[in-house]
Each structure stands twice: as structure tokens, then as C-alpha cells.
Amino acid sequence: MSSGNDHIQAAQEIIIFLGLPKAQQNERSALCLLALLNLTPDKTWAESESPHMGITPIMDWTREHYGRDYAPNTRETFRRQTMHQFCDAGIALYNPDDPDRPVNSPKAVYQVAPAALDLLRLYETSAWDDALISYLDRHPTLISRYEKKREQNLVSVTISPNQEITFSPGNHSKLIRDVIEEFAPRFAPGSVLVYAGDTGNKWAYFDTALMGELGIDVDLHGKMPDVMLHYAEKNWLFLVEAVTSHGPVDGKRYEELAELCSGVKADLVYVTAFPDRSSMRKFLTEIAWETEAWVADSPSHLMHFNGTRFLGPHDR
């Protein structure tokens, strides 16, 4: 007979075997799985059952049988961070007794899926390994499904007529794409992309040879700007920070970038890019002098933060 802790540890291992993401590989999710199986400490895995259980009954069950007391305000954590993923992975069914039940109904219940129940009843038996392989062959893991969905949502960026690179999905990556595809042709026509960072892979793209020629000091510890563009016609190196939530070129960042490029054989142009003027407004007081600001939704305009350098009349 297993102890309660043995069952919890085993359930965590099973969750890993079934390919759930790291955020679900914890004791809370293990207890949810045990509750769905009504697997009390005195039972074996072969005795697993498949009752209908709502979130509150699951929490009450863990308290009664495993002594884990979760606060009532963690119900949403159970639902959003465990049961939702169990359903996505095909481990659990949502409202199998009444699929038309409203989403927010207090009568909502979960039940372990039949295929998962058949598999888990074989845990700790000689048939487990083969059964797990067969199950995973028929049920792609949630990690692989999330990865496939992520790949479908990647942001594609054209850096030359014959070359594209991809970035992690998100507004930050979309803004980096706008810098490369909208800002560069307008303000640095014919420029070459030297470097582009990514939230998922900081070094998404870099031209090693060109970085060497320009004398850029490669920094692997997080101080690279989001985008570097070399405008050969004027020998300017654009250092661009793409700002969606934080990180404009303020005084401190200006000094960091200046130090990073202290050996660069080109004139430096510091740019903070924003998706729109509403986003820029939040950072107006932070943007450093002697820098530029660009807004993606008004791509043909550039704002220069300086005193008299560009003072003068505009063409009528």
C-alpha cells in the first residue's frame, strides 16, 4: 500500500510522462489528478475510478484525503492552471454529463477521460511502459500541441528579398518587424540588418562578419538593443529599442549603448520605437536627449529629441 506522498509523487511523474508543460508539473496538479481518479492513499492505481467532480469538490477532496488545505480564492488557479490544461491534453473531460451546460455554471464538473483512465490503471504494472507508448502515439502531448500552435503564431520578418526570419509571437516582435520593414526603408534606405533580438531567442538574427567589420562589441549578457541597422550610405549605425511595455532609450540606456558601441567605426543613431503615440506618451519624460523616437502607426514621421539641431522652417 502506498502512502499519500507516494501517490502525489507518482502523479507528478505521470503528468511529466503525459507531456504537460512545466507549469502543471506540481503538487496542485498531482492532487487534481488523484481526485479525478478518487485515488485515496489506501488504494492502488488499478483501483482508479472516474467520478464527476467540480473545482470546489476537488479542493475539498484534497483536504480530506491528503491534508492539503488550499484557500478558497485559489479556485481559479485550479481551474485555469490545471484543469484547463488537463482538458486540453485530453486527460479530463469537461461537463461530460451535460456538454451544453453554461461555462460559468456552478454545476460544472470534470471527469477523467476513458483512455486516460485505462492507461493510469496500469501504472506500476509490467504493462505500463508499452501502454504509455501506445497512448502517446494516439494522443499528442500538450507540450507538442502548444509548440505547434506557437510556431503557427510566429512573427515572420522579411530582411531581404530572398530571406525571412521568424520571431516569437507577441506585440514586441510585431514592433521589431515594423522597425525592419517600415522604419528602415524610410529613414535608412538600403540599410543592412546587423542584429535583431527576440524575447524567445535573444539572438534571433546577427551578421557576425558585419559586426566584426563595424567593431561592435558582442554582449551576451542582455545589453544589446532590439535592432541594429547599418546605413552604409552615411555610415550610420541605428541602435533601436522596441518599446511595448518598458525600456526606452533613457539616459542610463544611452550610456549603456554608447559603451557597447565605443569601438564602432560608424556614427551612432539612437532610436526608441513605439507601436503608437499612446504608448509613447507614457515614456515622454524618460526619452534621452540626442535620440530619435518613431511610432509604427505613423511610420513616415520621426521625432528628434534635441534643442536647435533641426530648428528651421519646413517646406510649404
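What is the volume of the largest cavity? The largest cavity has a volume of about 40 Å³, where a cavity is, on a 1 Å grid over the protein atoms alone, a set of points where a 1.4 Å probe fits but cannot get out. This is a predicted model, in which local features need pLDDT of at least 70 and side-chain atom pairs count only at pLDDT 80 or more, whereas totals for chains, interfaces and linings use all residues. Residues are numbered from 1 along each chain as its sequence is written, and side-chain values use heavy atoms, with hydrogens and water left out.

**Overall make-up**

- The protein chain holds eleven helices and eleven strands, which are DSSP runs numbered from the N terminus (helices H or I, at least four residues; strands E, at least two).
- Of the 316 residues in the protein chain, 43% are buried, meaning under 20% relative accessible area with a 1.4 Å probe and protein chains only.
- Among contacts in the protein chain with a separation of 6 or more, 53% are between residues 24 or more positions apart, with contact meaning heavy atoms within 4.5 Å.

- Ser 29 lies in helix α2 and counts as buried because its relative accessible area is 0%.
- Apart from neighbours within four places in sequence, Ser 29 is in contact with Ile 15, Gln 24, Gln 81, Thr 82 and Phe 86.

**Packing of α1 against α2**

- The axes of α1 and α2 are 8 Å apart and the helices pack at an angle of about 100°, where axes are lines fitted to C-alpha atoms over the stretch in contact and angles run from 0 to 180 degrees between N-to-C directions.
- That angle makes α1 roughly perpendicular to α2, a term that covers 65 to 115 degrees.
- On the α1 side His 7, Ile 8, Ala 11, Gln 12, Ile 14 and Ile 15 meet Glu 27, Ser 29, Ala 30, Leu 31, Leu 33 and Leu 34 of α2.
- The residues of this contact divide into eight nonpolar, three polar and one charged (Ala, Val, Leu, Ile, Met, Phe, Trp, Tyr, Cys and Pro count as nonpolar, Asp, Glu, Lys and Arg as charged, and the others, Gly among them, as polar).

**Packing of α3 against α4**

- Helix α3 (residues 55–66) and helix α4 (residues 75–88) have axes that come within 9 Å and cross at roughly 100°, so α3 is roughly perpendicular to α4.
- Ile 55, Thr 56, Ile 58 and Met 59 of α3 make the contact with Arg 75, Phe 78, Arg 79 and Met 83 of α4, and by class it has five nonpolar, one polar and two charged residues.

**The cavity**

- The structure holds one cavity of 30 Å³ or more, a volume being the space filled by probe spheres set on grid points that are joined across faces, edges and corners.
- The largest cavity is lined by Leu 18, Ala 89, Ile 91, Tyr 135, Leu 136, His 139, Pro 140 and Thr 141, lining residues being those with an atom within 4 Å of a point.
- By class, that lining has six nonpolar, two polar and no charged residues.

**Ser 168**

- Ser 168 sits in the loop between β4 (163–167) and α8 (171–187), and Ser 168 counts as buried because its relative accessibility is 5%.
- From C-alpha to C-alpha, Ser 168 and Asp 198 are 6.7 Å apart in space, although 30 residues apart in sequence.

Conventions
Buried < 20%, exposed > 50% of the residue type's maximum accessible area, 1.4 Å probe, protein only. Parallel < 35°, antiparallel > 145°, perpendicular 65-115°, else oblique. 1 Å grid on protein atoms, 1.4 Å probe; cavity = no way out; pocket = protein on both sides within 12 Å on 5 of 7 lines; lining within 4 Å.
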